[in-house]
Amino acid sequence: MHSATVLAALLSGGVIGLILGLVGGGGSILAVPLLVYVVRIGSPHAAIGTAAVAVTVNALASLVGHARGGRVKWRCASVFALSGMAGAALGAELGKAVDGKRLLVLFGLLMIGVGLLMLRKRRGQEAPDVRLTRESAAKLLPRLVPIGFAVGLAAGFFGIGGGFLIVPGLILATAMPLPLAIGTSLAVVSALGFTTAASYALSGLVDWNVTALLVAGGVIGTMAGIALGKIIGTHKGLLERGFAAVVIAVGTYVTLSSL
């Protein structure tokens, strides 16, 4: 592997980790464009498989801290993840069957849509004590299952962790506050990422050397992002809007360059 490729993979991992540490999600949506245009991994399908493995490892590492802080609603996460894994398995098979350039066009359009959604203000009454029990199941399950499946389908199709989709999905289904949704989403990201990664790995569409470099860079980037987030924590809203603008810009570039 050329030294330029090693450096590009480490820096790409660092960028993904930095964003995850700063805004608590969304880093994975930049993984595929970084692998295609910066690392130049070869094919969009190999980029998706490699990104899926790296995102899964990074999500598991982040999940530990959130679980220790009591910010994971495990029952809600389990239902969302199980229905999401079924969607991710189907989505991964569909994604592998689509032409690489067409897949990148669709991915770019998804990025633009997600960026625009991120700019919208969140509204609604929060439910910090929400729990999935026998009493609440009749209300929560009809929301958690279909939303989980739809998010999983998108995550598998595009080879992304889907945290930027899972967080609003969990809030929509349960009305849990953002910090709990972020922590809970990491359990789901790990499950969906593993499903997508396994599918692509079995098809030989994972570059393991690049994956290791992405994870190494991601660890350093996440630590830097968390530290920087504490310093500029009062401007988190501005950070999220700035990140949304970056996602829209990158999505536009990916779409236009793939047409």
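## Helices, core and ring pairs in a predicted model

Let us begin with helix α3 (residues 44-68): its 25 residues should span 36 Å at 1.5 Å a residue, and the end C-alpha atoms are 36 Å apart, which agrees. The expected span here is 1.5 Å times one less than the number of residues. Helices are DSSP runs of H or I with at least four residues, numbered from the N terminus. Just after α3, Gly-70 takes a positive phi of about 70 degrees.

A word on the source: this is a predicted model, in which local features need pLDDT of at least 70 and side-chain atom pairs count only at pLDDT 80 or more, while totals for chains, interfaces and linings use all residues. Residues are numbered from 1 along each chain as its sequence is written, and side-chain values use heavy atoms, with hydrogens and water left out.

At the start of α5, a side-chain oxygen of Asp-99 comes to within 3.2 Å of the backbone nitrogen of Lys-101. Buried residues in α5 include Leu-103, Leu-104, Phe-107, Leu-110 and Ile-112. Buried means under 20% relative accessible area, exposed means over 50%, and partly exposed lies in between (1.4 Å probe, protein chains only).

In soluble globular proteins, nonpolar side chains tend to be buried together. The largest nonpolar core in this model has 76 residues, and those with the most contacts inside it are Ile-29, Val-32, Leu-35, Phe-80, Leu-144 and Ile-166. Helix α8 (residues 178-202) supplies the largest share of this core, 12 residues. A nonpolar core is a set of buried Ala, Val, Leu, Ile, Met, Phe, Trp, Tyr and Cys residues joined through side-chain atoms within 4.5 Å.

Val-79 belongs to helix α4 (residues 74-97) and counts as buried because its relative accessibility is 18%. Leaving aside residues up to four places away in sequence, Val-79 touches Leu-132, Leu-141, Leu-144 and Val-145, where contact means heavy atoms within 4.5 Å. Val-79 and Leu-140 are 61 residues apart in sequence and 9.9 Å apart in space, C-alpha to C-alpha. Ile-16, in helix α1 (residues 3-23), is buried at 6% relative accessibility.

### Around Ser-199

Which residues does Ser-199 touch, not counting those up to four places away in sequence? They are Ala-92, Glu-93 and Lys-96. Ser-199 is found in helix α8 and is buried, with a relative accessible area of 11%. Its side chain makes polar contacts with the side chain of Glu-93 (3.0 Å) and with the side chain of Lys-96 (2.9 Å). A polar contact is a pair of N or O atoms within 3.5 Å; within protein, one must be able to donate a hydrogen and the other to accept it, and residues adjacent in sequence count only if both atoms are side-chain atoms.

### Aromatic pairs

Rings of Phe, Tyr and Trp (its six-membered ring) pair if their centres lie within 6.5 Å; planes under 30 degrees apart count as stacked, over 60 as edge-to-face and the rest as tilted.

The tyrosine pair links distant parts of the chain, with Tyr-37 in helix α2 (residues 31-39) and Tyr-253 in helix α10 (residues 236-258), 216 residues apart. Tyr-37 is partly exposed, with a relative accessible area of 23%. Phe-157 and Phe-158 are both buried, and together with Phe-107 they form one aromatic cluster.

### Positive phi in the loops

Most residues other than glycine have a negative phi. Arg-40, in the loop between α2 and α3, has a positive phi near 55 degrees and is exposed, with a relative accessible area of 65%. Ala-175, in the loop between α7 (163-174) and α8, has a positive phi near 65 degrees; at 24% relative accessibility, Ala-175 counts as partly exposed.

Note on methods: Helices (H or I, at least four residues) and strands (E, at least two) are DSSP runs, numbered from the N terminus.
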